[in-house]
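Welcome, and please open your viewer. We will go from stop to stop, with something to select at each one.

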Amino acid sequence: MGGLIAAVVLLAIALIALLIVHLRQRRRIGDLAEQMESFLVSGSNPLKFSVQEDALAPLQNAAAELENQVLLARDQKKNERRATQNLTADISHQLKTPLASIRLLSDSIVQNSDMDAETVREFVTDIGAEAERLQRTTEKLLDLSRLDDDVQIV
């Protein structure tokens, strides 16, 4: 009879140990889910890689890797947005410069109606050169736009 009691006690201890392991894993899964949701909502505090040797370590490491990929994608998107803004500012400047020159030259012709024909011819030649520069810049912008469309399609 004493052996039966000892077997029941050992079985109870094993069952309690299994229950404790199960409850710990369940708590860790809940904590992991909470941390992942917190990261998705706030975007901060990414998961750390697990160095434990248990069944949940691969899941935690995979989740941490996914969060790192999300952070990388966010940074890349931010850098692309900044590059696009810089490109837009540069293009705007490149288009405004010849337009300003054309406007200045044409205003000079209008305001100085007593110019001789040679001076007017020089101004008109300068206006033509600036108009060509503007056209080249616009064509480059269109080429760039087509290139960007091709890249997005692929």
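**First stop: Gln60**

At 16% relative accessibility, Gln60 counts as buried, where buried means under 20% relative accessible area, exposed over 50% and partly exposed in between (1.4 Å probe, protein chains only). This is a predicted model, in which local features need pLDDT of at least 70 and side-chain atom pairs count only at pLDDT 80 or more, while totals for chains, interfaces and linings use all residues. Residues are numbered from 1 along each chain as its sequence is written, and side-chain values use heavy atoms, with hydrogens and water left out.

Gln60 sits in helix H2; helices are DSSP runs (H or I, at least four residues), numbered from the N terminus. Which residues touch Gln60, leaving aside its neighbours within four places in sequence? Select Arg28, Leu32, Leu47, Lys48 and Ser50 to see them; contact means heavy atoms within 4.5 Å.

**Next stop: Ile109**

Stay in helix H2 and pick Ile109, which is partly exposed at 22% relative accessibility. Beyond its neighbours within four places in sequence, Ile109 has contacts that include Met115, Phe123 and Ile127.

**Next stop: Arg81**

Arg81 also belongs to helix H2, which spans residues 57–111. With 45% relative accessibility, Arg81 counts as partly exposed.

**Last stop: Met1**

Finally, select Met1, in the segment before helix H1 (2–42). Met1 is exposed, at 79% relative accessibility.

Conventions:
Helices (H or I, at least four residues) and strands (E, at least two) are DSSP runs, numbered from the N terminus.
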